[in-house]
Amino acid sequence: MKTLLSLILVSLLLAGCKSQQNKNDQEIIEKGAEISESLVQAIMVKLKAEIQENGVTGAINYCSVHALPITDSISREEKVEISRVAHKFRNPSNAANKKELEIIEKYIQQQKAGEQLAPEVVTVKGQQIYYAPIILGAPLCLSCHGPYNTIAPDVRNVLNEKYPDDQAVDFNLKEVRGMFKIVFEEERKGER
């Protein structure tokens, strides 16, 4: 009887922990979605203006200089660490690690199966890491990331100059391009 009671208490304790973890994960997912949307909006507004003024090559030049400072600014404001990671990266600093490659591959397989893609939270060494797929959602994205032979020659030249080891091409519309990665420090939990 004592053993049965102990098992029931342990089960209830574990269920409570799981419920609290799910609540924390949901809070991280909501905040991560909000932050990643802010980043997309901040960059896209500037990119669209740059394309109108200086064409796609101007946008590449702008992005290569300003995307990281915009990301860093939002990171500081939100007290998180924001980055983008990819299996086919343009900037080597955006290369996904082994675990991230597994998550990206899972997203790609889910997409091929017609499943809904959803953000997820991974906890590593006291940090909660939000991952969400980046989907090439607009035809404009293909100007720089589409099939290599369809990218305008002047755009290819600028990409080759700025990113000699560029792998972020040969995508189609609506494909997984990589992921947003937002690292929430453990001490931030109390702020939510």
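First, the ground rules. The model is predicted, so local features need pLDDT of at least 70 and side-chain atom pairs count only at pLDDT 80 or more, while totals for chains, interfaces and linings use all residues. Residues are numbered from 1 along each chain as its sequence is written, and side-chain values use heavy atoms, with hydrogens and water left out.

Now the overall layout. The chain has 4 helices and 4 strands; helices (H or I, at least four residues) and strands (E, at least two) are DSSP runs, numbered from the N terminus. Read from the N terminus, the order is α-β-α-β-β-α-α-β. Of the 192 residues, 38% are buried, where buried means under 20% relative accessible area, exposed over 50%, and partly exposed in between, with a 1.4 Å probe and protein chains only. The chain exposes about 11500 Å², and carbon and sulfur atoms supply 55% of that area; accessible areas come from the Shrake-Rupley method with a 1.4 Å probe, and for residues only the protein chains shown count as cover. For contacts (heavy atoms within 4.5 Å), take the pairs at least 6 apart in sequence: 71% of them join residues at least 24 apart.

Next, charges. Side chains of opposite charge can pair when their charged atoms come close. The rule here is a side-chain nitrogen of Lys or Arg within 4 Å of a carboxyl oxygen of Asp or Glu, and by that rule there are 5 salt bridges. Which residues are linked in a network of salt bridges? They are Lys 31, Glu 34 and Glu 78. Glu 34 and Lys 31 pair at 3.0 Å, N to O, and both lie in helix 1, residues 2–78, 3 residues apart, about one turn of the helix. Glu 78 also bridges to Lys 31, with the closest N and O atoms 3.0 Å apart. As for burial, Lys 31 is buried at 17% relative accessible area, Glu 78 is buried at 14%, and Glu 34 is partly exposed at 44%.

Another of the bridges joins Arg 90 to Asp 166, again with the closest N and O atoms 3.0 Å apart. Arg 90 sits in the loop between strand 1 (81–85) and helix 2 (98–112), and Asp 166 in the loop between helix 4 (153–162) and strand 4 (176–184), so this pair ties together parts that are 76 residues apart in sequence. Arg 90 and Asp 166 are both buried.

On to the nonpolar side. A nonpolar core is a set of buried Ala, Val, Leu, Ile, Met, Phe, Trp, Tyr and Cys residues joined through side-chain atoms within 4.5 Å. Which residues have the most contacts inside the largest core? Ile 35, Leu 39, Ile 82, Ile 182 and Phe 184 do, in a core of 19 residues. Helix 1, strand 3 (127–135) and strand 4 each supply at least two of its residues, and helix 1 gives the most, with 10. Ile 35 touches Ile 74, Glu 78, Val 80, Ile 82, Ile 182 and Phe 184, leaving aside residues up to four places away in sequence. Apart from this core lies another, of 13 residues, among them Leu 117, Ile 129, Met 179 and Val 183.

Last, Lys 46. Lys 46 lies in helix 1 and is partly exposed, at 43% relative accessibility. Beyond residues up to four places away in sequence, Lys 46 touches Tyr 62 and Ile 70.
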